[in-house]
Amino acid sequence: MPISIREALQEAALRLQSVSHIPLREARWLLADILGQSEAWLHDHAADMLPTQAQLRFNEWVARRAIGYPLPYILGKWSFYWWDFSVNEHVLIPRPETEQLVERAYQWALQQSPLKNLRIVDVGTGSGVIALSLAKLLPQAAVFGVDVSYPALQVACLNAQQLAITNCRFIQGDLLSSFGLERPLDLVVANLPYIPSDDLKTLDVARYEPRTALDGGVDGLEYIRQLLEQLPTRLAQSGVCMLEIGAEQGKIFRRWSDHPYFIFDVQQDLVGRDRFVIVKFK
């Protein structure tokens, strides 16, 4: 039975109430994408009848979202920093906290001279949002994104193509093992898996997002420790490594004051939770 855009949105919002705190907004995002229009257009044409094919596709998307399937995966894209990035089930969904990591890295880079010589690596790049955002912000720098997952790197390469970025290269590899010792890195940025394995059993994020991008081992720091072991021979003496961590992990880094190589500066996100660690040589 044909229905108007307003009716379709109202019905969808009711179905999404159990999985979203902004059900009507999500319904508008879905329908706007299907119709190739803006949310403002939906408002102005709320009384228009929804084409049959669009209605069928909208119902299908709403049904998937109503069982908890992530909205970004349905849309196939998500906004991060200033840009839209393609995403799918092979990569994590970009989150606002990671935008703060990019901002920290960008502000550090602006203080370096000359910018054109900076070598930046995003470890565990996934969809490439960190690497590509920094490449956009710092066109003079040489940026690399590394990941063990080939399907994830395919998404990252697609994003680079869509954003017309030419100063970022993606490499399949394990942490920093692909980088030799002859050319030190100025900036290493990493949003590695940091959720303790047991915690994943009760987290919704593990239902659909790739476990390999979430599971950080017993205490969540397995891959971060491995990265720290590789850093001394690959990071420039004046360089910096910036990590995103879980809110309960800052206290661990504060206890590592006797580390043989590094000092760790634990910093908070916008709501005051431990979220980032700035790593520098002693």
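## Two helices side by side

A crossing of two helices is called left-handed if the near helix is turned anticlockwise from the far one by less than a right angle, and right-handed if clockwise. By that rule, H1 passes H4 in a right-handed crossing. This is a predicted model, where local features need pLDDT of at least 70, side-chain atom pairs count only at pLDDT 80 or more, and totals for chains, interfaces and linings use all residues. Numbering starts from 1 along each chain as its sequence is written, and side-chain values use heavy atoms, with hydrogens and water left out.

Helix H1 covers residues 5–16 and helix H4 residues 52–66, and their axes come within 9 Å and cross at roughly 20°. Helices here are DSSP runs of H or I with at least four residues, strands are runs of E with at least two, and both are numbered from the N terminus. Axes are lines fitted to C-alpha atoms, for helices over the stretch in contact, with angles from 0 to 180 degrees between N-to-C directions. H1 and H4 therefore count as roughly parallel (angles under 35 degrees; over 145 is roughly antiparallel, 65 to 115 roughly perpendicular, the rest oblique).

On the H1 side, Ala 8, Leu 9, Ala 12, Arg 15 and Leu 16 do the touching, and they meet residues of H4 including Phe 58, Val 62 and Arg 65 (contact means heavy atoms within 4.5 Å). Sorted by class, that contact has eight nonpolar, one polar and two charged residues.

## The sheet

Next comes an open sheet of seven strands, in the order S5-S4-S3-S6-S7-S9-S8 and with mixed pairing; two strands pair if DSSP finds at least two bridges between them. S5 (168–172) and S8 (262–268) sit at the edges with a single partner strand each, so one side of each has no neighbour in the sheet. On average, neighbouring strands of this sheet are turned by 20° against each other, direction ignored.

S3 (residues 119–123) and S6 (residues 185–190) pair in the parallel sense over four bridges, and Asp 122 has Val 189 in S6 as its bridge partner. Helix H6 (residues 96–110) packs on the sheet, touching S6, S7, S8 and S9, and its direction makes about 165° with that of S7. Helix H8 (residues 150–162) packs on the sheet too, touching S4 and S5, at about 170° to the direction of S5.

## The hairpin

S8 and S9 pair in the antiparallel sense over seven bridges, with Asp 274 in S9 as the bridge partner of Gln 268. Five residues lie between the strands of this hairpin, and Gly 272 takes a positive phi near 85°.

Technical notes:
Nonpolar A, V, L, I, M, F, W, Y, C, P; charged D, E, K, R; others polar.
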